[in-house]
Amino acid sequence: MDRTDIEVDVMERRVLHRDPHAYCAHPHLAVGADGTFLLVFNRAPRRDAVLHPPQDPEFRNVLMTSADEGRSWTAPAVVPDYRWNGVECAGLTALRKGRILLNQWRFEWLPLPLAERSGRTDLAMPQTLMHHLASSTELDTFMLGGLADAARCFPWARGGGETVVHLSDDGGRTFTRTSGIDTAPFSGGYGMRGALELPDGDILLPLSDVPHYRTVFAVRSRDGGESWSAPKLVAEGRRHEFEEPAGLLLPSGRILLILRDNISRIMHSVVSDDGGKNWSKPKATGIRTYPAHLVALPAGKVACVSGQRSPPFGIVMHVSADNGESWGTEPLALVDDLPTKDLGYPTIARCSDGDLFVVFYARDHEGITGIHSLTVRLS
């Protein structure tokens with residue numbers, strides 16, 4: 001399917017949340033059984049250098065909701081509560097009976113003096129955290145100025161962590177119960193696009209290992225998220241580092257996952273026709289933007305939104321006409337005027353009138369990183 005087969009109109013572009021004292025990024029959007037839009041994203045104090053969740057213990061997940069399909073929003077509220085700091089990007093799942101699931105990976109963090117005194121060899125110390133930051137493909141090198149002293153900029157160390165799912169039975173207003181997920185033999189489980197509720201009621205949660213970010217696996221719940229199965233491998237491979245899976249349940253019952261690959265820099269797809277018990281081998285999609293979020297369109301079409309981190313910086317959409325078997329050769333540009341590559345993680349939902357609501361994060365021309373939205377009409 002070529003770009004000429006579809007037209008896109010950006011009907012409205014807005015700033016949903018902007019705080020000059022905070023760094024807000026990495027949103028995920030889910031639609032509740034009652035039509036409520038739920039939006040989770042990361043928030044941390046704004047610092048001299050841009051830090052993402054693997055480098056900063058002050059990141060928390062915050063949630064906003066909209067009862068009118070994105071026209072107005074509640075104020076951001078920390079979820080599940082203020083004790084849950086130092087987390088990665090989170091995922092939301094809205095179940096058919098109304099329950100909301102929030103999956104998180106939380107790192108272990110130690111003040112640097114305590115980490116040095118412990119003698120532990122499993123900790124990522126300031127020099128390692130700085131190396132990861134300096135080698136990031138998501139940030140511009142000019143943002144790294146002033147980081148000559150690793151211990152001054154990173155007065156903490158990072159250990160392992162835990163994968164959990166928090167449960168809400170009041171539409172995401174409160175999360176009152178937490179279930180842990182044992183991810184062994186994988187190092188940990190990180191997922192920023194939530195789970196899939198299958199026709200038989202099973203919940204399939206795809207995750208990537210953390211802090212390695214190179215293998216994708218899935219866990220399953222048969223009791224609404226109260227407990228979870230042992231993990232099952234979904235995708236790995238030599239010369240590949242798969243992470244950040246985005247899933248979609250197709251009308252046929254097939255499960256489609258789009259995976260980021262940090263080696264080839266091309267997103268890959270895998271499918272399952274038996275409810276996630278077995279998976280195809282990863283197949284390159286040709287999409288060079290990342291990471292993905294998916295939504296089903298009429299007539300077997302699937303829309304995939306992702307971030308463009310090479311000029312022109314912005315947000316793009318790929319459309320498949322065959323339920324994700326193949327993708328267009330050229331993306332549809334939704335935004336192409338962002339000032340830096342510190343952007344993206346777009347997330348998408350269909351409105352009741354058929355329009356698409358897209359949320360993403362971006363740094364504006366005043367240097368403030370916040371949460372933005374688009375209303376998109378396809379024809």
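A polar contact of 2.6 Å joins the side chains of E244 and Y190. In this predicted model, E244 belongs to strand β14, which spans residues 242-249.

**Surroundings of E244**

- The side chain of E244 also makes a polar contact of 2.8 Å with the side chain of R260.
- E244 has a relative accessibility of 2% and therefore counts as buried, the cut-off for that class being under 20%.
- Apart from neighbours within four places in sequence, the residues in contact with E244 are Y190, M192, S208, I258, R260, P291 and Y345.

**The sheet containing β14**

- Strand β14 is part of an open sheet of 4 strands, ordered β14-β15-β16-β17 with antiparallel pairing.
- β14 and β17 (283-284) are the edge strands; each has a single partner strand, so one side of each lacks a neighbour in the sheet.
- Strand β15 (residues 255-261) pairs with strand β16 (residues 268-272) in the antiparallel sense, over 5 bridges.
- I255 has S272 of β16 as its bridge partner.

**The second largest cavity**

- The structure contains 2 cavities of 30 Å³ or more.
- The volume of the second largest cavity is about 40 Å³.

Note on methods:
Residues numbered from 1 in each chain as written. Predicted model: local features only at pLDDT ≥ 70, side-chain atom pairs only at ≥ 80, totals over all residues. Heavy atoms only, no water. 1 Å grid on protein atoms, 1.4 Å probe; cavity = no way out; pocket = protein on both sides within 12 Å on 5 of 7 lines; lining within 4 Å. Points joined across faces, edges and corners; volume = space filled by probe spheres on them. Helix = DSSP H or I, 4+ residues; strand = E, 2+ residues; numbered from the N terminus. Buried < 20%, exposed > 50% of the residue type's maximum accessible area, 1.4 Å probe, protein only. Polar contact = N/O pair within 3.5 Å; in protein donor to acceptor, adjacent residues only side chain to side chain. Contact = heavy atoms within 4.5 Å. Pairing = 2+ DSSP bridges.
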